[in-house]
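Q: I'm new to this one. Could you take me slowly through the helices and the aromatic cluster, and spell out any cut-offs as you go?

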Amino acid sequence: MLKFLHIENIAVIEKTDIDFKDGFNVLTGETGAGKSIVIDAINAVLGERTSKDLIRTGCDSAIVSAVFDNPNNETVALLKENGISLDDEDIIITRKLSVSGKGFIKINNVPVTSAVLREISKNLINIHGQHDNQALLNPEKHLDFIDLIAENSQLIDDYYAVFKQLNSIRKELQALQMDEDEKQRKIDMLKYQINELETANIKVGEYDSLKKQLSIANSYEKVHKALSGVEFFLGGNDDTDGTVTQISNALKLIKSLENADFDNSYSKLNEALTLIEDVRADLDSFLGNNEFENLDPDSLNQRLDFLSRLMIKYGSSEQKMLDFLSTAQIELENISLSDKRILELSESLENAKFELVEKAKILSNSRIKAAEDFSAQVCDTLSYLNMPNVKFVVDIKQGRYQKNGCDTAEFLISANNGESLKPLHKTASGGELSRVMLSIKSVLLDKDNVGTMIFDEIDTGISGFAAGKVATQLKKVATARQVICVTHLAQIAAVADEHLLIEKTTDGKHTFTNVTPLNYKQKINEIARIMSGTEITENLYNSAKELIDRSNNYENL
C-alpha cells in the first residue's frame, strides 16, 4: 500500500508530505485547492507521461517521492529482475522532473526508465479516473473486463499461437499459389538464367586475371623486341661477344696478374657478372614463354566484355554471379516441388482452421459463462448502490476470427423498469457510469492483488441516498484494499478512516497548497462545509457530527 507521498514544486504545491493510512483515505477541499494535483503527482511517481507545465512556476525542477510497503510476489520478482533490492520491505520511488528535461527516476536508489517504472507500479496502485469511464464508454474495451474476470490469459495465448500459425501457413501458400502462366514464365526465366551462368563457366578471380593478360598481350611485341635487344647486348651471338663474355675475359686478365692490389676490382667485376647473368636468365625465361607469345588480345577482350555484361545482370563480381546461380537453382527446384508443398500446406491449413475453431469455442464458452456471472454480480452491486431496477447484461457475439478470438462484447443497461436494454455508452448518465465502474471495480477485487485503489471523481453525478450507498461500498472495498478517494460528497468523506484536507493559501504574490490530516473536530467542520458551502451553523455542525458518528456503523448508512 501507499504509505507516504512527498511532493515538491508541483503546480501550486511548494512542498508537502502526506501520510496515508490503511483502509479508507479521503481527500477533500474547495474546488481549485489542488486535489487533482495530488493525483497528478501520484501519476508522475507511477511513471506516467508528464508535462513541464506541472513544475511550479519559477522553479527549475520538481520532486515526487512515494513509499510503498508489503509488495506482492509479482512486484518483488519484477524488482529482482531489474536489479533492485528491497529496503526493509519498502519500495521507495523518486522521480525528478526538470524544465531542462534532465530528470531521473529511481527505485530504492537504483536508476530506472519510465517503462520499467510503469511495469512495476501497475502492481502497486490501480487508479480509477476519467480513462476508466472512457473504457466503459468504448465497447472495444468491454471484452477486456470479461477476460479479466474469466482469467482467460492462458486460453488467449493458446488461441493466439494457433492464429499465428494459421496466418503463417496462409502467407506461404499465397507465395506458392501463382497461376500457371505466371508459373511457366518464372520457370522459363530461371532456366534461361541458370543456363547462361552455367555455360559461362565462371571462376572466381578470372576477370582480374584477364585484365592483366590483356595488358601484357597489348604490349608483347614491343616488349619482346626491346628485351631481345637487351639479351643480345648481354649475351652476344656467334659473331659478337656479349657483355657476359667480355666481363668473363676481363676477370681472367685480372686474375692472371696475381697481384693482391686488384682483388677488390676482381670481386666487384665478379659480383656484376653474377647480377647480369641473373637478368639474362629472367629475360630468357620471358622470351621463351609460349604462353605470353600466344596471348590473343581480341579473345581476351571478348571474354572480358562477356563477363562485364553478365555482371550487370547478375552481380558485380564472379562470387555474386555464382551466388545468383545457386539461388536461381534452388528457386527453380522449389517451384518444381511447389505442387507437393501446396498439398502439404493446404492440409496443414485445414488442420489449423479446425484447431483455431476449437480454441475459439473454448474461449467463447469461458467468456459467456464469465459474462453471466459478471452481469449478476454487477447487478447485485448496482442494486445496492440505489439502482434497484437495473438490468446489466454483457452482449457477447461471435464474428470474424481475430488475434484475441472471434468474440465481441458490449455492456447493455436498463436503469429503470420498462426500459429496454441499450448500449451503456448511449444511455448511462454520469452518476450511473460512476456506480457501474464502482460495481465493476468491486467485482474485480479478487482478480488482482494490487494493494491500493485510487478513485478520482467517483462521485460524479451522485447525491442523496445513492451517495450514502456509494460511501458504504467504498468502505467495504477498503476492508480488502487501501482506498484513496478524492470526493466532494459529505457522505463519502464521513466514512473515511483518514481524512486529508487540501487547502490553498496565498501571500499576495504566490499561491500555496497544503495537505493536512484532520482530527475528529476538524473533520466535523470540513464535513459541515461540504454539506453547506456557506457559514457553518450549529445545526450544520451537529448534522455533520451525526453523519460521522453513524459512519462507525457504515452498513446502516
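**Helices, cores and rings**

A: Let's start just past helix α1, where glycine 47 takes a positive phi of about 100°. Helices (H or I, at least four residues) and strands (E, at least two) are DSSP runs here, numbered from the N terminus. Keep in mind that this is a predicted model: local features need pLDDT of at least 70 and side-chain atom pairs count only at pLDDT 80 or more, while totals for chains, interfaces and linings use all residues. Residues are numbered from 1 along each chain as its sequence is written, and side-chain values use heavy atoms, with hydrogens and water left out.

Back to α1 itself. This helix is mostly covered, with eight of its 11 residues buried; buried means under 20% relative accessible area, exposed over 50%, and partly exposed in between (1.4 Å probe, protein chains only). Among the buried ones are Lys35, Val38, Ile42 and Val45.

That ties in with the largest nonpolar core, which has 43 residues; Leu5, Val38, Ile42, Phe68, Ile107 and Ile125 touch the most other members. Such a core is a set of buried Ala, Val, Leu, Ile, Met, Phe, Trp, Tyr and Cys residues joined through side-chain atoms within 4.5 Å. Helix α1 (residues 35-45) gives the most to this core, with six residues. Apart from it lies another core of 33 residues, including Ala478, Val483, Ile530 and Leu540. As for phenylalanine 68, leaving out residues up to four places away in sequence, its contacts (heavy atoms within 4.5 Å) include Met1, Leu46, Asp90 and Ile125.

Now for α13, which has 67 residues, yet its end C-alpha atoms are only 83 Å apart. A straight helix would reach 99 Å at 1.5 Å a residue, the expected span being 1.5 Å times one less than the number of residues. There's a kink of about 55° in α13, centred on serine 338; the bend at a residue is the angle between axes fitted to the seven residues ending there and the seven starting there. Glutamate 350 is also in α13, and it counts as partly exposed because its relative accessibility is 47%. From glutamate 350 to asparagine 416 is 66 residues in sequence and 49 Å in space, C-alpha to C-alpha. After α13 comes asparagine 386, with a positive phi near 70°.

On to the rings. The structure holds seven aromatic pairs: rings of Phe, Tyr and Trp (its six-membered ring) pair if their centres lie within 6.5 Å, with planes under 30 degrees apart counting as stacked, over 60 as edge-to-face and the rest as tilted. One of them joins phenylalanine 145 and phenylalanine 411, a tilted pair at 5.8 Å centre to centre and 50° between the planes. Phenylalanine 145 lies in helix α5 (residues 142-150) and phenylalanine 411 in strand β10 (residues 405-414), so the pair ties together parts that are 266 residues apart in sequence. Phenylalanine 145 is buried because its relative accessibility is 11%, and phenylalanine 411 is buried at 0%.

Phenylalanine 411 also pairs with phenylalanine 374: the centres are 5.9 Å apart and the planes at 35°, so this pair is tilted. Phenylalanine 374 belongs to α13 (residues 318-384), so here the pair ties β10 to a part 37 residues apart in sequence. Ring pairs link Phe145, Phe374, Phe392 and Phe411 into a cluster.
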